[in-house]
Amino acid sequence: MIKVNAHLHTPYSFSAFNDVDDALDRAVAEEVKVVGVNDFYTTEGYEEWAEGCKKRNLVPLFNIEFISLNEEDQKAGLRVNDPGNPGRTYLSGKGLSYPFKLEEPFASQLAGVRNEANLQVEAMCVKLNEILKEKNAGFTLDIDWIKDNLTKGSIRERHLAKALRLKVYEHCANDETCIAKLFQELFGGKELKSKIEDFAGVENEIRGNLLKAGGAAFVPETAKAFLPMQTVCDIIIAAGGIPTYPFLADDAAGKYTDFEGNLEKVAEQLTERGFHSVEFITTRNDVKLLEEYASYLYDKGFVVTFGSEHNSPAMEPIELFARHSTPLSEKLMKINYEGACVTAAHQHLTTQGLTGYVDEKGVADRSKRDEFVKLGDQLINSIIER
């Protein structure tokens with residue numbers, strides 16, 4: 001079975017990888033043949049991803065991720081795939097046309113929401129510097145340095161967390177006692193739980209204590225930071241992609257959000273909302289519950305893909321596993337591979353100006369899914385066997 005990872009972030013948004021080559025070299029080492037770039041609000045990494053895949057005989061999938069807002073769900077207090085924010089809905093676009101192109105007004109809408117996301121993080125940097133001055137930390141963060149050295153245009157709160165960790169370590173000359181004491185002061189008396197060599201753990205504590213909702217440097221998003229769900233779907237379709245719903249699915253206690261709890265109902269609602277494609281970040285889920293959800297949705301005609309995200313400092317395998325590093329079943333690998341085949345076939349056709357799996361209105365004929373699987377399988381094998 002050909003291994004697929006259809007959802008990977010790069011440093012063009014935020015990533016565990018040093019660069020695109022790092023991600024693709026790891027894919028080769030782990031024998032993952034189909035790899036999907038899936039950055040937040042940007043397609044800037046597409047060219048580098050395409051060239052890197054070509055050199056390594058890997059199959060590139062060109063994707064994008066948004067955070068949208070469904071006002072009806074928000075008013076109803078319905079938690080969709082963001083457990084802490086009713087109505088807020090993560091969406092992906094799969095199989096966008098490459099080379100990427102986007103006409104107006106969609107191009108301005110995408111640029112606008114990306115700019116709003118950057119402005120929010122810049123505002124948090126200002127508040128973080130106020131805290132550093134108040135605590136007499138002896139240094140502040142330089143937003144321009146962060147942009148130039150830690151980002152490729154998109155600024156996320158994780159970049160702030162990384163920058164603060166680097167500055168604290170530098171200021172303390174990597175002295176463990178000094179680092180722990182300074183973080184305790186910045187965290188309002190709360191002790192650092194992670195070991196200082198656990199960079200991912202330290203940065204997650206910075207986010208949790210300072211940058212997330214309730215933290216001293218948190219700045220809430222403005223209304224402009226979230227496009228309506230339908231607008232996001234329209235942008236994805238205009239860019240040649242397939243609007244895709246990312247399932248959060250079961251948490252560590254086996255619980256689901258309000259929207260996802262009833263499998264039969266969520267399948268119906270997603271279809272009513274115009275979605276023909278779904279995805280899962282497999283490390284979040286119990287393998288048996290993942291198979292239950294993925295199999296049901298697959299049987300209902302959805303295109304189903306899996307990914308690992310890598311949108312945090314922690315480095316995980318690119319080969320996909322479920323929670324607790326549990327290997328995926330053969331059935332899950334087959335479902336994921338067929339989803340990648342449909343995505344590959346779709347982007348192959350739309351790049352040529354032809355109609356893909358979804359048409360210009362986002363409508364799909366699910367009875368033709370097997371035809372796209374067959375075409376995508378041919379395309380994938382023609383690349384990896386070169």
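This is a predicted model: local features need pLDDT of at least 70, side-chain atom pairs count only at pLDDT 80 or more; totals for chains, interfaces and linings use all residues.
**Whole chain**

Along the principal axes, the C-alpha atoms fill a box of roughly 65 × 50 × 45 Å.

The accessible surface comes to about 17,000 Å², and carbon and sulfur atoms own 48% of that. Buried residues make up 55% of the 386 residues. Turn to contacts between residues at least 6 apart in sequence: 74% of them join residues at least 24 apart. Colour by charge next. The chain has 44 positive and 61 negative charges, and their mean positions are 1 Å apart.

**Stop 1**

Select Tyr-98 and Pro-99. A cis peptide bond joins them, with omega about 0°. Pro-99 sits in the loop between strand S4 (88–94) and H4.

Move on to Glu-104 and Pro-105. The peptide bond from Glu-104 to Pro-105 is also cis. Its omega is near 5°. Where is Pro-105 found? Look in the loop between S4 and H4. For background, most peptide bonds are trans.

**Stop 2**

Is Gly-138 buried or exposed? Its relative accessible area is 65%, so Gly-138 is exposed, the cut-off being over 50%. Gly-138 and His-171 are 33 residues apart along the chain, and their C-alpha atoms are separated by 7.9 Å.

**Stop 3: aromatic rings**

Display the aromatic side chains. The whole structure has 17 aromatic pairs. Zoom in on one of them, Tyr-169 and Phe-199. The ring centres are 5.9 Å apart and the planes meet at 70°, so the pair is edge-to-face. This pair links distant parts of the chain. Tyr-169 belongs to helix H6 (residues 157–171), Phe-199 to helix H8 (residues 199–211), and the two are 30 residues apart.

Check the surface at both ends of the pair. Tyr-169 counts as buried at 6% relative accessibility. Phe-199 is partly exposed, with a relative accessible area of 41%.

Next, select Tyr-245, Phe-247, Tyr-256, Phe-259, Phe-275, Phe-280, Tyr-293 and Phe-306. Ring pairs link these residues into a cluster.

**Stop 4: positive phi**

Most residues other than glycine have a negative phi.

Start with Ala-249. It is not a glycine, yet its phi is positive, at about 60°. Ala-249 lies in the loop between strand S6 (242–247) and helix H10 (263–272). Its relative accessible area is 7%, so Ala-249 is buried, the cut-off being under 20%.

Finish at Ser-325. What is the phi of Ser-325? It is positive, about 60°, although the residue is not a glycine. Ser-325 occupies the loop between strand S9 (321–322) and strand S10 (326–327). Ser-325 is exposed, with a relative accessible area of 58%.

Technical notes: Residues are numbered from 1 along each chain as its sequence is written. Side-chain values use heavy atoms; hydrogens and water are left out. Buried means under 20% relative accessible area, exposed over 50%, partly exposed in between (1.4 Å probe, protein chains only). Contact means heavy atoms within 4.5 Å. Accessible areas come from the Shrake-Rupley method with a 1.4 Å probe; for residues, only the protein chains shown count as cover. Lys and Arg count as positive and Asp and Glu as negative; His and the chain ends are not counted. The place of a charge is taken as NZ of Lys, CZ of Arg, CG of Asp or CD of Glu. Rings of Phe, Tyr and Trp (its six-membered ring) pair if their centres lie within 6.5 Å; planes under 30 degrees apart count as stacked, over 60 as edge-to-face and the rest as tilted. Helices (H or I, at least four residues) and strands (E, at least two) are DSSP runs, numbered from the N terminus.
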